[in-house]
Amino acid sequence: MEQKEFNRYKRTIYKTLKDNFTRTALRRAVTSFRGNRDKAVAKFPYVEDEKKKLMETKDEVINNFDKYIDQTMESLKTQHTHAYYADTVEETLAIIKNIVGTGKRIVKGKSITSEELDLNEHLEEWGNEVYETDLGEFIVQQLKSRPMHILAPAVNIPREKVSELFSKIAGEQLSTDPTELAKFARKFLRDKFTTADIGITGANAITADTGSVFLIENEGNIGFSTTAPDVHIVVAGIEKIVPTLKDGTRLLEVVSRYAGYFAMSYVSIISGPSKTGDIEKVTVYGAHGPRELHVILFDNGRKEAAKNPIVRQSLRCLRCGACMYECPVYPLTTGYWGYKYMGGIGIPWTAFVSGGFEKAAPLAFTCTLCGRCVEYCPMEIDTPKIVQEVRKLLKEKNCLPPFIKDMADTVIKEGVPY
Amino acid sequence: MIGVFYGCTTRSDERLKGNLEKFLEKAGVEYIPMGVDICCGAPLLLAGYQDEFVEQAKKVNEEIGKVDTVVTSCAHCYTILSREYEEFGIDVKPEILHITEFVKRLVDENKIEFKKSLDKKIVYHDPCYIGRESKGIYDEPREILDKIVRERVDFELARENSTCCGGGGLVRAFLPKLSIEVAKEKIDKQAKPLDVDVITSACPFCYQNLLEGSENSGVEVMDFLEIVNQAME
């Protein structure tokens, strides 16, 4: 990567530092997150043990991807679900294109995995109409921006800006009251759910033993997206597989607590398409929910990451977002420190999964390696150690920032950097 | 015999170097200066040059092998010498002490005496590299400071929960304004509400970074040894 690429990144980061709206929004978000998380974790002390057990099962899957992919595919098919496995983004998109076709109305649940595929752009390019239905993601989509936090995509957008945006869509002046703004989105999206042909979501977990898809949410948009349309498509990375249904429930408890919730409002556990046998015991698919359920598991670099004994850990990530709120840097940079995946944990994910090593290079040198995230990660992911490993790989791949190379060369030659 | 490992950042900052040498003189410590023309290797490790880091480490290990105890005032040198060398399979013979541990030891052995107390309210900033990133030196600096300042308070987020000053990981080399902004945010949002006169740390990177981040904040930044030296006057 050339110096000018690093300079471009530097300018973006420096510009964000001057953005007072972002700073204020993030300060509020961090304070409120900490309070909620501490309360949620304190009220359910056994979650400490649960997270340890979950970590073991996560590692079991990461260390045996092929076995669990086979098992999951088998279970999904038993449940009358169309199951697919894809190695690459291109293969995944081809599968989706084949199911979706053109001229469809699509409602989506928030999914960073979908960002990995640039799915919205592709769906539109194929002649479909796409609506993000999570409020934050809806705001981001309407702004033609990209998510700035793993869990709270519009974390950096103040209410004034949302009001301006929604007023434009509504054709009338809306207030800056979050209640009114949420009400507008609810009204706007209501008929999109009922008239959509297809719902597309990610997954929080997919169980290998029962082929069940776990989705957790607070808004109710995922419930709509997964039941109202005729077809539901799930797109998930292979690291979302957990061995058993019990592990799935454990995951949903751990991720909720560490994301700062006593309990999430809604949990969907979907094991196959909607069906009824109420007329003469003849099985009919698509009773009230989708007639078809498609689950696409895709790799896109995850197996490669799993081969590296240090980077492997990063695949445990539950996307609770705690590390970002606790990071000294992220609240100042938001998702500009990132590509599709952000912050410290986003560094290995960018290098191995979405973006590649060149994109990861400036990101790897934005982490202070302070280790604070490790203290708060329910999966005990040692991000500083992983970042060190990524830096080593950047060196091997000749992707280091030029000035870092110069500094290291000086130490080698002179014995000291300055 | 004691070796004092200066480290590149302390060695090249007149204030920090002065504080260190003044302390050693006042304490009457006989020592061999080390780490003056040889770097501990941290920049190599942080830049991803792991093989070259090991080569550098071997050279440094040879130098520090001449003494029984190595004292350093740099939190980064400390972690490199005390933890990273071993992790890369290098057998480090001497005992490695951070300056805060060394001062504590001298006090415990009645080898130094404090005569004065600094009439200020201070907060101690835990450097990540003698805290979370190594064995967790949290008590020693606090014990010393409690003896030599009028009032010491802790950040709400302290010890293993302490937030980084922003100066680590080569970020200060790549994005200096970001590093300084992290320090500024810490001073504005964590130090000022405590109504302190001084923020102190025991790491040259934290010191330099907090100093720049403290501009116009009304909070003074002091090196740990600067306060110790004043108490020994």
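Predicted model: local features only at pLDDT ≥ 70, side-chain atom pairs only at ≥ 80, totals over all residues.
Residues are numbered from 1 along each chain as its sequence is written, and chains are lettered from A and ligands numbered from 1 in the order in which they are written.

Helices (H or I, at least four residues) and strands (E, at least two) are DSSP runs, numbered from the N terminus. Because ten of its 14 residues are buried, H12(A) is largely enclosed by the rest of the structure, a residue being called buried if 20 or more other C-beta atoms, placed from the backbone, lie within 10 Å of its own, exposed if 12 or fewer do, and partly exposed in between. Among the buried residues of H12(A) are A:Arg250, A:Leu251, A:Leu252, A:Val254 and A:Val255. Just after the helix, A:Gly260 takes a positive phi of about 95°.

Elsewhere in chain A, A:Ile238 is placed in the loop between strand S7 (231–237) and strand S8 (241–242). A:Ile238 counts as buried because it has 23 C-beta neighbours inside 10 Å. When residues up to four places away in sequence are not counted, A:Ile238 touches A:Phe65, A:Ile69, A:Leu297, A:Phe298, A:Asp299 and A:Arg302, contact being defined by C-beta atoms, placed from the backbone, that lie within 7 Å. A:Ile238 and A:Ile69 are 169 residues apart in sequence, with a C-alpha to C-alpha distance of 7.2 Å.

Strand S8 of chain A also belongs to an open sheet of four strands with mixed pairing, in the order S8-S5-S6-S9, where strands pair if DSSP finds at least two bridges between them. The edges of this sheet are S8 and strand S9 (266–270), each of which pairs on one side only. Strand S5 (residues 205–207) and strand S6 (residues 213–217) of chain A pair in the antiparallel sense over two bridges, and A:Ala205 stands opposite A:Phe214 in S6(A).

In chain B, four strands form an open sheet with parallel pairing, in the order S6-S5-S7-S8. Its edge strands are S6 (149–153) and S8 (220–223) of chain B. Strand S7 (residues 198–201) of chain B is joined to S8(B) by four bridges, and B:Thr200 has B:Met222 in S8(B) as its bridge partner.

The contact between the chains involves 33 residues of chain B and 31 residues of chain A. On the side of chain B that touches chain A, helix H3 (42–46), helix H4 (50–64), helix H8 (171–174) and helix H9 (176–191) of chain B each give two or more residues, and H9(B) gives the most, with five. That side of chain B comprises 16 nonpolar, nine polar and eight charged residues, where Ala, Val, Leu, Ile, Met, Phe, Trp, Tyr, Cys and Pro count as nonpolar, Asp, Glu, Lys and Arg as charged, and the others, Gly among them, as polar.

Note on methods:
Contact = placed C-beta atoms within 7 Å.
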